[in-house]
Amino acid sequence: LLIADGLLLIALILQILLASGDKVKIYELKDQPDEISITSPDESFTLVKEDGHWFVGEKKYPANDDYVENLLDSLKSVKVMDKVAIANNEVTINRYELNEGKNILVQAKKEGKVLRTLNIGKESTAGSQSYITVDEGKDIYLAGGSLTSTFSKNLSYFRSRNVYSLDKEKITSVTINSENGKSWTLSKTGSGDDVSWYTNVADLVIDASKAADWVKGIASINTPVWHDDSDLSGGNKLLTAEISCGSTSTSLEIYEIPAKTEED
């Protein structure tokens with residue numbers, strides 16, 4: 001009896017899988033998009049690919065390629081299961097939150113031609129599926145994967161966390177200008193193993209190893225989160241740093257943001 005029960009259970013599982021397999025439909029893209037626009041209740045922005053790199057927003061901030069690839073994977077192959085309704089009236093559209101102000105509208109383009117349009121509504125009760133319409137179709141499907149979560153990320157999320165990145169070997173000098181009027185410069189001569197460091201501060205001998213480590217530490221800076229200029233309100237400017245690297249110069253303005261509470 002136990003063996004028979006096991007066989008019946010296996011048969012039942014196979015029937016469910018086969019039945020569900022008949023309902024699955026996959027929308028695939030043949031072309032690679034070079035533009036993705038996302039309009040959500042919170043904001044609208046566009047990701048564009050130029051010269052092999054992705055940029056986000058009107059100011060074309062460098063984008064995090066890994067995060068963009070995740071979007072592309074979701075757009076290239078959209079798996080839909082059951083057709084749950086038809087978006088032919090306001091009540092139905094509102095029920096699945098496919099209406100403006102609730103939905104997320106995504107368009108993928110190549111050279112200006114629309115390749116894919118996704119209208120993404122609310123998540124299912126389980127939270128691992130989303131209600132969507134595809135392209136110009138009116139059919140409302142239950143899509144596999146949480147497309148709502150994937151495409152609800154804001155512009156800042158897609159920005160690269162790299163503030164700047166310089167070749168440490170090409171950095172020739174760093175000048176620090178403090179707000180208190182004091183300034184000093186660290187400079188390098190030579191290259192490879194024949195490198196020496198010096199400063200404009202009189203009678204000061206530079207430790208070459210410490211200088212090299214410090215320059216390496218400031219050659220690249222990342223940020224965990226981006227802020228706009230308004231976040232500097234009340235900040236105290238401490239210094240300006242000028243980094244000469246090859247034929248370019250990078251300027252940093254360093255602010256100290258006062259703590260709002262004793263714990264900050």
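User: Which residues do ring pairs link into a cluster?
Analyst: The model is a predicted one. Six aromatic pairs are counted in it. Ring pairs join four residues into a cluster, namely Phe 45, Tyr 67, Tyr 157 and Phe 158.

User: Is the pair of Phe 45 and Phe 158 stacked, edge-to-face or tilted?
Analyst: Phe 45 lies in strand E3 and Phe 158 in helix H5, 113 residues apart. Both Phe 45 and Phe 158 are buried. Planes under 30 degrees apart would count as stacked and over 60 as edge-to-face. With ring centres 5.9 Å apart and planes at 45°, the pair is therefore tilted.

User: Are Trp 184 and Trp 214 buried, partly exposed or exposed?
Analyst: The rings of Trp 184 and Trp 214 have centres 5.8 Å apart and planes at 35°, so this pair is tilted. The pair links strand E13, which holds Trp 184, to helix H6, which holds Trp 214. Buried would require under 20% relative accessible area and exposed over 50%. Trp 184 has 34% and Trp 214 has 33%, so Trp 184 is partly exposed and Trp 214 is partly exposed.

User: Does Ser 74 count as buried or exposed?
Analyst: Ser 74 is part of helix H2. Beyond residues up to four places away in sequence, Ser 74 touches Leu 147, Thr 150 and Phe 151. The cut-off for burial is under 20% relative accessible area. Ser 74 has 14%, so it counts as buried.

User: How many residues does H2 give to the largest nonpolar core?
Analyst: This core has 29 residues, and Ile 36, Leu 47, Ile 132 and Phe 151 touch the most other members. H2 gives the most to the core, and its share is four residues.

User: Which residues is Gly 145 in contact with, leaving aside neighbours within four places in sequence?
Analyst: Gly 145 sits in the loop between strand E10 and helix H4. At a relative accessible area of 36%, Gly 145 is partly exposed. With those neighbours set aside, its contacts are Ser 128, Gln 129 and Ser 130.

Definitions and conventions:
Residues numbered from 1 in each chain as written. Predicted model: local features only at pLDDT ≥ 70, side-chain atom pairs only at ≥ 80, totals over all residues. Heavy atoms only, no water. Helix = DSSP H or I, 4+ residues; strand = E, 2+ residues; numbered from the N terminus. Buried < 20%, exposed > 50% of the residue type's maximum accessible area, 1.4 Å probe, protein only. Contact = heavy atoms within 4.5 Å. Core = buried A, V, L, I, M, F, W, Y, C linked by side-chain atoms within 4.5 Å. Phe/Tyr/Trp six-rings, centres within 6.5 Å; stacked < 30°, edge-to-face > 60°.
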